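Reader: I want to learn how to read side-chain features from coordinates. Can we go through them one by one?

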Amino acid sequence: MEKAIHLKVRKDLDGRQQSTVIKLKGSLISKGYTEIIHILDQDDEYHINSFETAAENRNAVQEYIETFITAENLTDTITLFK
């Protein structure tokens, strides 16, 4: 069964933050956690990025994203919906 992961991403990003968010999305795809990431506007400040992943990968994906956010100092930029 597929499970959705949702990320709330701030729209107003500097160049480093934009590059790092792209790096996160690329790594999620290259690691095989998903094939496509959907991006929707939430409001004037945030996008919602969502993707499906296999149920057995859900915890690993969430841990990977949380570790990435912390390591790259993106806690004010990306929020993981659980």
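Reader: Is Ser-50 buried or exposed?

Author: This is a predicted model. Burial is read from relative accessible area, and under 20% counts as buried. Ser-50 has 14%, so Ser-50 is buried. Ser-50 lies in strand β3, residues 46–54.

Reader: What does Ser-50 touch?

Author: Leave out residues up to four places away in sequence. Then Ser-50 touches Ile-5, His-6, Ile-36, Ile-37 and His-38.

Reader: Next, aromatic rings. How is a pair of aromatic rings described?

Author: By the distance of the centres and the angle of the planes. Here the count comes to two aromatic pairs. Take Tyr-33 and Tyr-64: the ring centres are 6.1 Å apart and the planes are at 50°.

Reader: Why is that pair called tilted?

Author: Planes under 30 degrees apart count as stacked and over 60 as edge-to-face; the rest are tilted. The Tyr-33 and Tyr-64 planes are at 50°, so this pair is tilted. The pair also links distant parts of the chain, 31 residues apart. Tyr-33 is in the loop between α1 and β2, Tyr-64 in helix α2. Tyr-33 is buried at 18%. Tyr-64, at 22%, is partly exposed.

Reader: What are the centre distance and plane angle for Tyr-64 and Phe-68?

Author: The centres are 6.2 Å apart and the planes at 40°, so this pair is tilted. Both residues lie in helix α2, four residues apart, about one turn of the helix. Phe-68 is buried, with a relative accessible area of 9%. Ring pairs link Tyr-33, Tyr-64 and Phe-68 into a cluster.

Reader: Which charged end sits over the ring of Tyr-46?

Author: That of Lys-8, 4.4 Å from the ring centre.

Reader: Which residue forms a salt bridge with Lys-11?

Author: Asp-41, with the closest N and O atoms 3.1 Å apart. Asp-41 sits in strand β2, Lys-11 in the loop between β1 and α1. Asp-41 counts as exposed at 58%; Lys-11 is partly exposed at 28%.

Reader: Where are Lys-23 and Glu-72?

Author: Lys-23 is in helix α1, Glu-72 in the loop between α2 and β4, 49 residues apart. Their side chains meet in a salt bridge at 3.7 Å, N to O.

Terms used
Residues are numbered from 1 along each chain as its sequence is written. This is a predicted model: local features need pLDDT of at least 70, side-chain atom pairs count only at pLDDT 80 or more; totals for chains, interfaces and linings use all residues. Side-chain values use heavy atoms; hydrogens and water are left out. Rings of Phe, Tyr and Trp (its six-membered ring) pair if their centres lie within 6.5 Å; planes under 30 degrees apart count as stacked, over 60 as edge-to-face and the rest as tilted. Helices (H or I, at least four residues) and strands (E, at least two) are DSSP runs, numbered from the N terminus. Buried means under 20% relative accessible area, exposed over 50%, partly exposed in between (1.4 Å probe, protein chains only). A charge sits over a ring if NZ of Lys or CZ of Arg is within 6 Å of the ring centre and within 35 degrees of the ring normal. Contact means heavy atoms within 4.5 Å. A salt bridge is a side-chain nitrogen of Lys or Arg within 4 Å of a carboxyl oxygen of Asp or Glu.
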